[in-house]
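The structure is shown first, and the description follows.

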Amino acid sequence: MDMMSQALLLAKKPHIIIATPGRLVDHLENTKGFSLRSLKFLVMDEADRILNMDFEVEVDKLLKVIPRERRTFLFSATMTKKVQKLQRASLQDPVKVEVSTKYQTVDQLRQYYIFIPLKFKDVYLVHLLNEMAGNSFMVFCSTCQNTVRTALLLRSLGLAAIPLNGQMTQNKRLAALTKFKAKSRSILISTDVASRGLDIPHVDVVINFDIPTHSKDYIHRVGRTARAGRSGLAITFVSQYDVELYQRIEHLIGKKLPLYKTEENQVMLLTTRVSEAQRMAKIDLKEILSNDKKGGKKRKGEGGEDDDMEGSTGIRKRIKFSKNNKKNKNKKKYGGGKK
């Protein structure tokens, strides 16, 4: 988001500021007239993430400049002992209120696993999406590039999929979420960037295409469905390399998940079509990477569809920066100026 437009809004002295720790510190250090001296309430959502090492420097800076006399609220589905950081910051008599002492998922959520050989993951994904057609899906992948690849694969098979990942610009992310919320796209392929903080009422099924590395992330992922008393379905793909990670998840939630039954013969009928789609997705992904390097030119014959994909690989900004650096070096070397 643009710093200047935010600075103008902060100058109006809003009653509530919602921010990430890093951006808040940026404004405290660079925006004249902005301070948090009159702060009365500090709320940390997803406190277990904010109090981890990734945000330590920013949180320490914030705690030094906000009033000691304040009320602090911590919210998280997976609270940890890192709340002691606030105790060291002179927070008196902290009180922890919890619904349950163990990590668990809601009763309305039906959870299953499927044990799949790694090379057939795409085939089983397409089978499940076809089998449950008409529902709204969130599919979680482990990498940004895999979200784009999977979305391209599903689109080549006629499925309305859209990627969402941390390498996309803010405008691209908002556009992807808007299309998914408006139901113009029924399948959202995402990294863990969408595992927290999103409340989309119509999510029917969560598929863990790539099993989460951290067990607690599983609780947040499957929490995108079965919200506010509604029912939901979560299916986790487990390959021969994921058994240990899967066992950690079962240990964390304190239950053994049942196997989601599929007819292997029916699934394997899709192998040829999916193989062709994989080949096309690989070609399209190379073209997108190339277009992002060149500045995001539209692909021929696709109309506005490529707006969902172009710029989703996180390359354009880095390439543009390196080109500018090269141009500046050439100017210094040859004296610069136009002929």
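A residue counts as buried when its relative accessible area is under 20%. The model is predicted. By that cut-off, 7 of the 8 residues of helix H9 (residues 215-222) are buried, so H9 is largely enclosed by the rest of the structure. The buried residues are Ser215, Asp217, Tyr218, Ile219, His220, Arg221 and Val222. These residues pack against helix H3 (47-50), strand E3 (109-115), E4, E7, E8 and helix H10 (243-253).

**The chain as a whole**

The secondary structure of the protein chain comprises 13 helices and 8 strands. Of its 339 residues, 41% count as buried.

**Helix pairs**

| Helix pair | Angle | Axis separation |
|---|---|---|
| H1 (residues 3-11) and H2 (residues 21-30) | about 70° | 11 Å |
| H6 (residues 121-131) and H7 (residues 144-156) | about 55° | 11 Å |

An angle from 65 to 115 degrees counts as roughly perpendicular, and H1 and H2 are therefore roughly perpendicular to each other. On the H1 side the contact is made by Met3, Gln6, Ala7 and Leu10, and on the H2 side by Arg23, Asp26 and His27. By class, these residues divide into 3 nonpolar, 2 polar and 2 charged.

H6 and H7, by contrast, are oblique to each other. H6 passes H7 in a right-handed crossing. Asp122, Leu125, Val126 and Leu129 of H6 meet Arg149, Thr150, Leu153 and Leu154 of H7. The contact of H6 with H7 has 5 nonpolar, 1 polar and 2 charged residues. An α-helix has 3.6 residues a turn, so residues three or four places apart point the same way.

Leu125, which lies in H6, is buried, with a relative accessible area of 0%. Beyond residues up to four places away in sequence, Leu125 touches Val139, Thr150, Leu154, Ile207, Phe209 and Phe237. The C-alpha atoms of Leu125 and Val267 are separated by 9.5 Å, although the two residues are 142 residues apart along the chain.

**Nonpolar cores**

In soluble globular proteins, nonpolar side chains tend to be buried together. Which members of the largest nonpolar core touch the most other members? They are Leu154, Ile187, Ile207 and Phe237, out of 38 residues in that core. Two or more residues each come from H6, strand E4 (137-140), H7, strand E6 (187-190), strand E7 (205-208), strand E8 (232-238) and helix H12 (271-294).

Ile187 is in contact with Leu129, Phe137, Val139, Leu154, Leu159, Ala160, Ala161, Ile162 and Phe180, leaving aside neighbours within four places in sequence. A second, separate core has 15 residues, including Leu36, Ile50, Leu51 and Ile66.

Leaving aside neighbours within four places in sequence, Thr191 is in contact with Phe140, Cys141, Thr143, Cys144, Thr147, Leu164, Asn165 and Gly166.

Conventions. Residues are numbered from 1 along each chain as its sequence is written. This is a predicted model: local features need pLDDT of at least 70, side-chain atom pairs count only at pLDDT 80 or more; totals for chains, interfaces and linings use all residues. Side-chain values use heavy atoms; hydrogens and water are left out. Axes are lines fitted to C-alpha atoms, for helices over the stretch in contact, and angles run from 0 to 180 degrees between N-to-C directions. Helices (H or I, at least four residues) and strands (E, at least two) are DSSP runs, numbered from the N terminus. Angles under 35 degrees count as roughly parallel, over 145 as roughly antiparallel, 65 to 115 as roughly perpendicular and the rest as oblique. A crossing is left-handed if the near helix is turned anticlockwise from the far one by less than a right angle, and right-handed if clockwise. Contact means heavy atoms within 4.5 Å. Ala, Val, Leu, Ile, Met, Phe, Trp, Tyr, Cys and Pro count as nonpolar, Asp, Glu, Lys and Arg as charged, and the others, Gly among them, as polar. A nonpolar core is a set of buried Ala, Val, Leu, Ile, Met, Phe, Trp, Tyr and Cys residues joined through side-chain atoms within 4.5 Å. Buried means under 20% relative accessible area, exposed over 50%, partly exposed in between (1.4 Å probe, protein chains only).
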